[in-house]
Amino acid sequence: MTKSLISRRNFLRQSGGMVTAGAALGALPGLVAAMDNVTVGFIYVGPRQDYGWNQSHWDAAKKVAAIDGVTVVEQENVPETAEVEKVIQSMIELDGARVIFGTSFGYWDSLKKMALQYPDVLFTHIGAIWKEGDPANVIGYRGYTEEAHYLCGIAAGRMSKTGKIGFIGSKPLYFIYNNCNGFVLGAQSVNPEMTCNVVITGDWNNPVKEAETTNSLIDQGCDVIIANVDSPKVSVETAEARGVYTCGYHSDLSALAPNGFLTGAEWNWASGVEFVEAFVAGDSYPNLKRGGFKEDMVAISPFGDAVPQEVRDEVLAAKQGFIDDTLKLYKGPLEDNKGNVILEEGEVIENTDTPFKLGVDWFVKGTTG
Amino acid sequence: MEGTDISWWSVLIAVIGGAIRVSTPYLFVSLGETITEKSGRVNLGLEGVLVMGAMSGYATAVLTGEPWLGVLVAGCAGALLSLVHALVCNLPRVNDIAVGIALFIFGTGLAFFLGKPFINPSAPRLPDIDLGWWSASPQVQSALKINMLFVIGFVLALGLAWALKTTRWGLVLRTVGDSEEAAQALGYNIARVRTLGTVAGGFLSGVGGSYLSLYYPGTWNEGLSSGQGLMAVALVIFARWDPIRCFYASLLFGGATALGPALQTVGITANYYLYGAAPYFLTLALLIYSSSPKRALEGAPGEVSINR
């Protein structure tokens, strides 16, 4: 190795131990001094303009960067491995970051580990799986996108001619189950006979597999497709080319499918701005923030031209129901697709019942997959 | 479940359709690598070349609105990148495997860097040829929507097999690849033949990349290739440097990729990670099979460094 390679890595190797030891001592004065000019680090798992997940966080990053005295540093394509710890280290020690936004679910363990190592740095994670006992300088926040999927489902249920809709999931995680259930329950709320085929691709981002899956679902007769992958762009474009309807996810994809786009489930990560503002001002912040339409943490995309006015009205009425808290996503009687009774007649799960939603590892009745 | 036999039928259709849709990049890269290896060199950088081709083709199509121009530019970008490999390997005592790995990383990195502005815009796609008009079933119609590049790839495989066997330049290429001494004795310029072989291979791989970005799945982002370029190199060994076998092997790999999603849509969800890994598992299994100590690698060019 030549001398010219003394970059971040060598610097880290040599200074890491020292800084870690000094962090506890230096934390308080450092904190006060850093307040004038806070550097915030955003770490993305893919490219930030992907028409999808990463783009929704990039939108938040731009809002954070607009706060006075805040500088944003970003790194894209950081895998969910020990790599993210190196990126966090270099953001903190070389760029002086005081807040780290870890915008991928699989960063969780690394974020917790680094939070113990750097107690004066604020970490945010988008899984909202923070619980009592986890480091206090970690925030989990996340919107209930299942509510937005419910609205997509209403549009899908009204527009589908075959009575079959398709859901593409990336990984079998609780929020994918919830989103799918929201989509199916929404569709069944307007047409109880609706069924849904589910395919889990196993990857956040694998365009060939997503295109193949979309084609397979359409071949099975599904005529509304929604893809819960990092970038639904491929799926939306493939479905548009095949002449079926699609719903978006993460950000606004309406431009990609002028004929078949119905609406889409979007995030509103702007709450991240509140955390940075509270941190800069030295105020307290919540460790866990969850919310749906009521808390303005999710949104739906503009309707596509294909959606008639009465369907739009129906969708918007349901949205108002979530805002007023009169509409509940999970209510009895409810069965899963294996015939197990989940909720008895009359049982209702509050929309904010996070522990219940974290435990969802089943699909509702009418779902194949 | 009702209609089970229809579902199995549709799995078959989906696998056949998937084989046609997914196989083209494998086909082009493996044909390109066949030419390169027949000249006595291994270019492991074709994954980088493929990604670079995908990016440059997509970028050209976005900027000009002409997808076919994108295919041409993708080929030229691939040829240019492979020219670097060829020229470096022409230097004495340079290991082509090591250069190939460097080119792999360089090509993908360069494509990611230059491709940033093109992740968001949509490019026009290459047109289909509709061969399913005779069928009333939309599944069959969709499975038989064939891209021109697939047809070109098929014709190219036939042409290449013929040319390698019967034409003069095919013979020169094989001589250089099989025995440097013999080629030297016959007075051929070995470096030039290998440079041309590598550049031609790079051109085809670049075209293969443009299929990914301009037709199927028809987008550009940094996760576009899931190792197609690397698997195609392995596929060449399995196909024993035979262009026709490359065609069959590519179809097999394409079908393996389509299997997982097709099974899941009909409700067979157990072990989907295993189905998802099918193409990679197939690569491994085939390499193990074809590297049996009891059989020599028939058809392997004598000068290719894996055989020396």
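The model is predicted; local features need pLDDT of at least 70, side-chain atom pairs count only at pLDDT 80 or more, and totals for chains, interfaces and linings use all residues. Residues are numbered from 1 along each chain as its sequence is written, chains are lettered from A and ligands numbered from 1 in the order in which they are written, and side-chain values use heavy atoms, with hydrogens and water left out.

Strand β8(A) spans residues 224-228. Strands (E, at least two residues) and helices (H or I, at least four) are DSSP runs, numbered from the N terminus. Five of the five residues of β8(A) are buried, so the strand is largely enclosed by the rest of the structure. Buried means under 20% relative accessible area, exposed over 50%, and partly exposed in between (1.4 Å probe, protein chains only). In a regular strand, side chains alternate between the two faces of the sheet. Val224(A), Ile226(A) and Asn228(A) cover one side of β8(A), and Ile225(A) and Ala227(A) the other; all are buried.

β8(A) has parallel partners. Strands pair if DSSP finds at least two bridges between them. Strand β6(A) (residues 164-169) runs parallel to β8(A) and is joined to it by four bridges. Gly169(A) has Asn228(A) as its bridge partner in β8(A). Strand β9(A) (residues 245-250) pairs with β8(A) in the parallel sense over three bridges. Here Val224(A) is partnered by Tyr245(A). From β8(A) the chain crosses through helix α8(A) (residues 233-242) to β9(A) in a right-handed β-α-β crossover. Right-handed means that, with the strands pointing away from the viewer, the path from the first strand over the helix to the second runs clockwise.

Chain A is divided into domain 1 (3-143) and domain 2 (145-267 + 299-368), with bounds from an automatic or database domain assignment. In chain A, 14 residues of domain 1 contact 17 residues of domain 2 (heavy atoms within 4.5 Å). The two domains bury about 1,300 Å² between them, 61% of it on carbon and sulfur atoms. Buried area is the accessible area (1.4 Å probe) lost when two parts are put together, summed over both. Tyr51(A), Trp53(A) and Arg142(A) supply 45% of the area that domain 1 buries against domain 2, more than any other three residues.

Between the chains, 34 residues of chain A contact 40 residues of chain B. About 3,100 Å² is buried there, with 50% from carbon and sulfur atoms. The rule finds three salt bridges across this interface (a side-chain nitrogen of Lys or Arg within 4 Å of a carboxyl oxygen of Asp or Glu). Glu237(A) forms a salt bridge with Arg125(B), the closest N and O atoms being 3.7 Å apart.
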